[in-house]
Amino acid sequence: MKKLLWVSIGVGIGVLASKKYTEVSSGAALNRQVGKYADRASEIVHAFSTAMREREEELRSALGVDSAK
């Protein structure tokens, strides 16, 4: 199931990249577009991981579980 998810994500990224490539005429503009998408993806991953850590701390304190492994 995980493989199907990653394949779907890869195909989606490929389709978006090919659409943007046909819209962009110069290489510099393409680099700017790719940079924008990379920045957005990085921000999303950072927000997700921060929220995940916060929620994990809330659950651990609510359940009284020691955070030490």
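Predicted model: local features only at pLDDT ≥ 70, side-chain atom pairs only at ≥ 80, totals over all residues.
Student: What is the secondary structure of the protein chain?

Tutor: The protein chain has two helices and zero strands. Helix 1 covers residues 2-23.

Student: How many of the residues count as buried, in percent?

Tutor: Of the 69 residues in the protein chain, 6% are buried. The accessible surface of the chain is about 6300 Å², and carbon and sulfur atoms hold 64% of that surface.

Student: Which residues form a nonpolar patch on the surface?

Tutor: The patch consists of L5, W6, I9 and I13, which together have about 440 Å² of accessible area.

Student: Is I9 buried, partly exposed or exposed?

Tutor: Buried means under 20% relative accessible area and exposed means over 50%. I9 has 36% relative accessibility, so I9 counts as partly exposed. I9 is part of helix 1.

Student: Which residues line the largest pocket?

Tutor: The lining is made up of W6, I9, I13, L16, A17, K20, L30, V34 and Y37. Two elements, helix 1 and helix 2 (27-63), each give two or more residues to that lining. Helix 1 gives the most, with six residues. The space in the largest pocket is about 280 Å³.

Key. Residues numbered from 1 in each chain as written. Heavy atoms only, no water. Helix = DSSP H or I, 4+ residues; strand = E, 2+ residues; numbered from the N terminus. Buried < 20%, exposed > 50% of the residue type's maximum accessible area, 1.4 Å probe, protein only. Areas by Shrake-Rupley, 256 points an atom, 1.4 Å probe, with all protein chains shown as cover. Patch = residues over 30% accessible without salt bridge, like charges linked within 9 Å, V, L, I, M, F, W, Y side chains within 5 Å. Salt bridge = Lys/Arg side-chain N within 4 Å of Asp/Glu carboxyl O. 1 Å grid on protein atoms, 1.4 Å probe; cavity = no way out; pocket = protein on both sides within 12 Å on 5 of 7 lines; lining within 4 Å. Points joined across faces, edges and corners; volume = space filled by probe spheres on them.
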